[in-house]
Amino acid sequence: MKITDIFKKQKRTFSFEFFPPKDYQTAIKFGINAGQLMKLTPSFVSVTYGASGSTQTNTFELVDLFHNELGFTCMAHYTCVNATREKIAYDMRVLQDMGIENVMLIRGDSPKGEPLLKPNPCGFNYGSDLVKFVRERYDFCIGAGAYPEKHIESSSLDKDITNLKIKVDAGADFLITQMFFDNKYYWDFLNKAEQQGIKCRIIPGIIPITNFKQIKKFSELTGTRIPKKLMTKLEPYQDNPKEAAKIGIDHALIQVSDLLNNGALGIHFYTLNKSTAAIKLYESLSQDFKDVKMLFEKSLTPHIAKP
Ligand SMILES: Cc1cc2nc3c(=O)[nH]c(=O)nc-3n(C[C@H](O)[C@H](O)[C@H](O)COP(=O)(O)OP(=O)(O)OC[C@H]3O[C@@H](n4cnc5c(N)ncnc54)[C@H](O)[C@@H]3O)c2cc1C
């Protein structure tokens with residue numbers, strides 16, 4: 001099913017993002033964790049492409065498994081960095097033939113050790129070019145990335161949102177945000193995007209912190225700020241992942257409650273292939289979800305509700 005059709009039925013969606021396991025051993029752990037998460041019946045799942053060192057073939061195999069063998073609505077991430085138009089067209093046909101209806105179209109980043117992305121004369125340089133190419137040729141529901149704290153390469157948030165509007169106009173049906181730890185950035189971003197005429201759903205992407213060092217690295221790479229208060233709480237537990245995870249999950253819980261209570265139309269969980277944090281969050285929120293459901297039934301324009 002297309003995710004846009006799920007939107008018609010579900011006012012809020014809850015989705016999980018996975019990355020393909022690299023080897024046999026991590027595949028076993030992945031199976032156990034994913035199995036636990038699937039019991040929560042997410043609205044859809046997504047599988048990253050070429051990220052975290054995973055291979056692109058593994059993405060397609062995992063997408064095939066989720067969609068064709070396990071029966072979940074699955075979105076395949078796809079990046080165009082270093083790909084030719086011919087390769088993109090070929091890959092899209094492979095996904096189409098597999099029965100996949102949803103793709104998350106992303107530019108991608110330069111390979112490790114190469115700081116600047118070189119122009120790609122045989123392919124595309126921006127996510128919007130990839131979206132346009134796929135929209136004009138295939139019948140996919142298309143998701144794309146959005147950056148509440150601006151994309152790290154962008155000189156300003158306003159400029160980044162102008163480029164985002166180009167991407168939406170090129171054919172993106174909905175957006176999922178980069179992780180953020182302070183909801184203020186999401187709400188401000190939503191308002192600014194709306195002012196620039198972006199009308200599609202912008203689903204917040206949330207990562208429950210389970211590993212301090214890893215999240216610090218991610219935040220440096222992406223330009224995502226960790227609030228000072230949270231940092232102060234986490235720092236003493238740099239080498240104590242269990243305690244750090246407790247703080248991280250508590251923080252994510254506050255974030256998610258605030259987002260849903262103020263009208264966010266869903267949550268996309270960056271699971272990092274681990275289940276405990278996402279399950280804890282989901283279980284603690286179940287009552288809140290019911291409250292939010294009532295709120296939605298009363299409210300006509302929850303998307304632009306401000307905290
Ligand atoms: C939801 C989500 C999923 C992701 N999944 C993956 C994944 O599976 N695999 C992976 O490797 N990475 C993934 N990423 C990371 C992503 O590859 C990087 O963030 C990448 O740097 C940007 O890709 P993009 O398509 O979002 O950016 P783009 O939309 O291409 O924007 C990148 C930069 O170019 C600027 N720009 C855009 N259009 C123009 C234009 N026409 N003219 C001038 N400047 C322009 C933007 O302002 C921005 O600064 C994901 C990110 C998100 C938010």
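Strand β2 (residues 44-47) pairs with β3 in the parallel sense over 3 bridges, where two strands count as paired if DSSP finds at least two bridges between them. Within this pair, Val 47 stands opposite Ala 76 in β3. Helices (H or I, at least four residues) and strands (E, at least two) are DSSP runs, numbered from the N terminus. The model is a predicted one, with pLDDT of at least 70 needed for local features and 80 or more for side-chain atom pairs, while totals for chains, interfaces and linings use all residues. Residue numbers start from 1 along each chain as its sequence is written.

The β2-β3 pair belongs to an open sheet of 9 strands, with parallel pairing and the order β7-β6-β5-β4-β3-β2-β1-β9-β8. At its edges are β7 (201-203) and β8 (205-206), each of which pairs on one side only. Strand β1 (residues 13-18) pairs with β9 in the parallel sense over 5 bridges, and Ser 15 stands opposite His 268 in β9. On β8, Ile 206 stands opposite Phe 269 in β9; β8 and β9 run parallel and are joined by 2 bridges.

On the scale of the whole chain, the secondary structure comes to 11 helices and 9 strands. The radius of gyration, taken over C-alpha atoms, is 19 Å, close to the 19 Å that the globule rule gives for 307 residues, so the chain is as compact as a globular protein of that length. The rule in question is 2.2 Å times the number of residues to the power 0.38. Buried residues make up 41% of the chain. Of the contacts with a separation of 6 or more, 81% are between residues 24 or more positions apart, a contact being two C-beta atoms, placed from the backbone, within 7 Å.

Helix α7 (residues 183-195) has 13 residues and should span 18 Å at 1.5 Å a residue, which agrees with the 19 Å between its end C-alpha atoms; the expected span is 1.5 Å times one less than the number of residues. Its buried residues include Tyr 185, Trp 187 and Phe 189, and what covers the buried residues of α7 includes α6, β6 (174-177), β7 and α10 (241-261). Just after the helix, Gly 197 takes a positive phi of about 85°.

Turning to the ligand, 25 residues surround it, the closest being Thr 48, His 77, Arg 107, Gly 127 and Gly 145; a residue is near if its C-beta atom, placed from the backbone, lies within 6 Å. Two or more residues of this shell come from each of β3, β4 (102-106), α5 (127-137) and α6 (157-169), and α6 gives the most, with 4 residues.

Ala 83 is found in the loop between β3 (74-79) and α4 (85-98). With 21 C-beta neighbours inside 10 Å, Ala 83 counts as buried. Leaving aside residues up to four places away in sequence, Ala 83 touches Ile 88 and Gly 123.

Key:
Buried ≥ 20, exposed ≤ 12 C-beta atoms within 10 Å, placed from the backbone.
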